[in-house]
Amino acid sequence: RYPVRVEYEIIDNCVNSDKRALASSQYIQKKKLCLCALELTMGSLSYKEATGDEAKFLSSYRASLNQCK
């Protein structure tokens, strides 16, 4: 697992990335999507790999987001 504070920051940034208010149902769906993507990413990249190469992490996370849609 990644450290909890890191997981929280990733999810918070993902959910709030568009900086606009969301209806509660949209917020719940977006949170589920972000959580799914993080779970897939953590399964493919260790914390050490993720922190060692930010571009690799972002690429993996974006690919995971697409898989979770």
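Colleague: Which residues of helix 2 meet helix 4, and which residues of helix 4 do they meet?

Modeller: The model is a predicted one. On the side of helix 2, the contacts are made by L33, C34, C36, A37, L38, L40, T41 and S44. Their partners in helix 4 are F57, S60, Y61, S64, L65, Q67 and C68.

Colleague: How is the geometry of such a pair described, and at what angle do the axes of helix 2 and helix 4 cross?

Modeller: Two packed helices are characterised by the angle between their axes and by the distance between those axes. Here the axes of helix 2 and helix 4 come within 8 Å and cross at roughly 125 degrees. Angles of 65 to 115 degrees count as roughly perpendicular and those over 145 as roughly antiparallel; helix 2 and helix 4 are therefore oblique to each other. The crossing of this pair is right-handed.

Colleague: Where do the buried residues of helix 2 lie, and which residues are they?

Modeller: An α-helix has 3.6 residues a turn, so residues three or four places apart point the same way. In helix 2 the buried residues are K30, C34, A37, L38 and T41. Viewed down the helix axis, they fall within an arc of 100 degrees, so they line one face of helix 2. They pack against helix 1 and helix 4. The other side of helix 2 carries S24, Q29, K32, E39 and G43, which are exposed.

Colleague: What does helix 4 show when it is read in this manner, and which of its residues are buried?

Modeller: The buried residues of helix 4 are F57, S60, Y61, S64, L65 and C68. Their arc, seen down the axis, is 145 degrees, so they too line one face of the helix. Turned away from that buried side are the exposed residues A55, R62 and N66. The buried residues of helix 4 pack against helix 1 (4-15), helix 2 (24-44) and helix 3 (47-52).

Colleague: Which residues of helix 1 meet helix 4, and how do the axes of the two helices cross?

Modeller: I10, I11 and C14 of helix 1 meet F57, Y61 and L65 of helix 4. The two axes come within 14 Å and cross at roughly 60 degrees, so helix 1 and helix 4 are oblique to each other. Their crossing is right-handed.

Note on methods. Residues are numbered from 1 along each chain as its sequence is written. This is a predicted model: local features need pLDDT of at least 70, side-chain atom pairs count only at pLDDT 80 or more; totals for chains, interfaces and linings use all residues. Side-chain values use heavy atoms; hydrogens and water are left out. Buried means under 20% relative accessible area, exposed over 50%, partly exposed in between (1.4 Å probe, protein chains only). Helices (H or I, at least four residues) and strands (E, at least two) are DSSP runs, numbered from the N terminus. The arc is that of the directions from the helix axis to the C-beta atoms. Contact means heavy atoms within 4.5 Å. Axes are lines fitted to C-alpha atoms, for helices over the stretch in contact, and angles run from 0 to 180 degrees between N-to-C directions. Angles under 35 degrees count as roughly parallel, over 145 as roughly antiparallel, 65 to 115 as roughly perpendicular and the rest as oblique. A crossing is left-handed if the near helix is turned anticlockwise from the far one by less than a right angle, and right-handed if clockwise.
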